[in-house]
Amino acid sequence: MNSDLDLWGFKDTSGHLAGVDLRGWKVEAADGSIGKVDTHSDEVGSAHLVVDTGPWIFGKRVLLPAGTVTRLDPDDNRIHVALTREQVKDSPEFEPATHLDDPTYRDIIGRYYGGPLP
């Protein structure tokens, strides 16, 4: 099994349905809220969320691989991720204009989040 593909794809158990617009959904880490989905991609092998951390870390956006998503709660428009707020806060800086399609940045994110998550 390729751990990189695991990290860059939604888990079958997450409840994610391809084509659902997740923009504006709240994102919850294991220990609290981290922001709202700004944009996202369902692209096979590179699915991800871009989360605007809002007032928590003012002006910061983070890119979270889809494999970090543990559960979607459509009744509450909430996404749960297998990360802590500290992990998200310390994640590599994300610049949408330059990093979104940059394979080097993707590798950096992949190493930071360390492959498959629980």
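Visitor: Is Asp-38 buried, partly exposed or exposed, and what is the relative accessibility?
Guide: This is a predicted model. In it, Asp-38 has 28% relative accessibility, so Asp-38 counts as partly exposed.

Visitor: Which residue forms a salt bridge with Asp-38?
Guide: Arg-61 does, with the closest N and O atoms 3.0 Å apart. Arg-61 sits in strand S4 and Asp-38 in strand S2, so the pair ties together parts 23 residues apart in sequence. Arg-61 is partly exposed too, at 31% relative accessible area.

Visitor: How many salt bridges are there?
Guide: The count comes to four. One of them joins the side chains of Arg-23 and Asp-21, at 2.7 Å from N to O. Arg-23 is exposed at 53%. Asp-21 is partly exposed at 40%.

Visitor: Which residues are linked in a network of salt bridges?
Guide: Glu-28, Asp-76 and Arg-78. Between Asp-76 and Arg-78, the closest N and O atoms are 2.8 Å apart.

Visitor: And Arg-78, buried or exposed?
Guide: Buried, with a relative accessible area of 17%; the cut-off for buried is under 20%. Asp-76 is at 36%, so Asp-76 is partly exposed.

Visitor: New topic. In what order do the strands of the sheet run?
Guide: S4-S3-S2-S1-S6-S5. The sheet is open, has six strands, and its pairing is mixed.

Visitor: Which strands stand at the edges?
Guide: S4 and S5. Each has a single partner strand, so one side of each has no neighbour in the sheet. From one strand to the next, the twist averages 35°.

Visitor: In which sense do S3 and S4 pair, parallel or antiparallel?
Guide: Antiparallel, over five bridges. There, Val-51 is opposite Val-62 in S4.

Visitor: Now the core. Which residues of the largest nonpolar core touch the most other members?
Guide: That core has 27 residues, and the ones touching the most other members are Leu-22, Ile-34, Leu-49, Leu-64, Ile-79 and Val-81.

Visitor: Which elements give two or more residues to this core?
Guide: Strands S1, S2, S3, S4, S5 and S6, plus helix H4, which spans 103–113. As background, nonpolar side chains tend to be buried together in soluble globular proteins.

Visitor: Back to Leu-22. What is Leu-22 in contact with, leaving aside neighbours within four places in sequence?
Guide: Phe-10, His-16, Val-37, His-40, Leu-49, Leu-72 and Ile-79. Among these contacts of Leu-22, Leu-49 and Ile-79 are also on the list of core residues that touch the most other members.

Conventions
Residues are numbered from 1 along each chain as its sequence is written. This is a predicted model: local features need pLDDT of at least 70, side-chain atom pairs count only at pLDDT 80 or more; totals for chains, interfaces and linings use all residues. Side-chain values use heavy atoms; hydrogens and water are left out. A nonpolar core is a set of buried Ala, Val, Leu, Ile, Met, Phe, Trp, Tyr and Cys residues joined through side-chain atoms within 4.5 Å. Buried means under 20% relative accessible area, exposed over 50%, partly exposed in between (1.4 Å probe, protein chains only). Helices (H or I, at least four residues) and strands (E, at least two) are DSSP runs, numbered from the N terminus. Contact means heavy atoms within 4.5 Å. Two strands pair if DSSP finds at least two bridges between them. Axes are lines fitted to C-alpha atoms, for helices over the stretch in contact, and angles run from 0 to 180 degrees between N-to-C directions.
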